[in-house]
Amino acid sequence: PIRACLFDLDGVLVDTAKYHYLAWKRLAGELGFEFTEQDNERLKGVSRMASLDILLSIGGISPDDDTRLALAEKKNGWYVDYITRMDESEILPGALDFLKELKAGGMLVALGSASKNAMTILNNTKLAPYFDAIVDGTKTVSAKPDPEVFLLGAQELGVDPAACVVFEDAEAGIEAAIRAGMRSIGVGSPATLGRAGAVVSSLREMSLRRLEKIFSS
Ligand code: B16
Ligand code: MG
């Protein structure tokens, strides 16, 4: 039976992708090239430095390591300005009700995010108290699709990976769940999340009953 639910943050519980986009776009602008919303899709679920490298390849430039670090820090400063102003109104539809239902039903809940800013977001949106374990980019070495982030989450919860379900909006995140030996539910489009055990368009479609039904066989 399922004992724990592990949630990705950006794209599943909150829509911080729009702030990442604004900050990356501003950086591209300063460097003298365009960065579109479509380009931004490629950065979802990807770590900060890997995101920067994708952005720089779009601009066709390859600065040295010190410059790259400075650019990533600059982008992060702008991004942090946005997320420090976030509040509960930015929790994605259905997320809070589902978390409340999971807690009431005795399910263990963990965060599995690539972001180094996850705590700021969880505190500002008042979501932090719903988590029994929080694993984010400050605790991991390898990025998704490596399973590290979810395996650490299961370990902190003291639950076998086979009894865990991962909620993810990124293909690399579903891959990470599979490699961790966990079940998964994609939040978004079946076109990109086809490898998940099931796909929902938002957490509004989720309930404890639905969860049990999906994985009953
Ligand atoms: P930071 P998730 C990911 O969060 C984002 O989807 C991705 O766009 C971002 O680059 C990454 O976090 C790192 O974030 O710069 O704040 O450390 O989807 O894994 O919750
Ligand atoms: Mg995500």
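Which residues does Ala4 touch, not counting residues up to four places away in sequence?

## Nonpolar core

In this predicted model, Ala4 touches Met107, Leu108, Ala110, Ala154, Leu157, Val159, Ala163 and Cys164, with residues up to four places away in sequence left out of the count. Ala4 and Phe150 are the residues that touch the most other members of the largest nonpolar core, which has 53 residues. Helix H7 (residues 148-157) gives the most to this core, contributing 5 residues.

## Helix H1

Helix H1 comprises the 15 residues 17-31. At 1.5 Å a residue H1 should span 21 Å, and this agrees with its end C-alpha atoms, which are 21 Å apart.

The buried residues of H1 are Tyr19, His20, Ala23, Trp24 and Leu27. They lie on the same side of H1, because the arc they cover around the axis is only 130°. An α-helix has 3.6 residues a turn, so residues three or four places apart point the same way. The packing partners of the buried residues of H1 are helix H2 (37-41), helix H3 (48-59) and helix H4 (65-83). Just after H1, Gly32 adopts a positive phi of about 95°.

Terms used: Residues numbered from 1 in each chain as written. Chains lettered and ligands numbered in written order. Predicted model: local features only at pLDDT ≥ 70, side-chain atom pairs only at ≥ 80, totals over all residues. Helix = DSSP H or I, 4+ residues; strand = E, 2+ residues; numbered from the N terminus. Expected span 1.5 Å × (residues − 1). Buried ≥ 20, exposed ≤ 12 C-beta atoms within 10 Å, placed from the backbone. Arc of directions from axis to C-beta. Contact = placed C-beta atoms within 7 Å. Core = buried A, V, L, I, M, F, W, Y, C linked by C-beta atoms within 7 Å.
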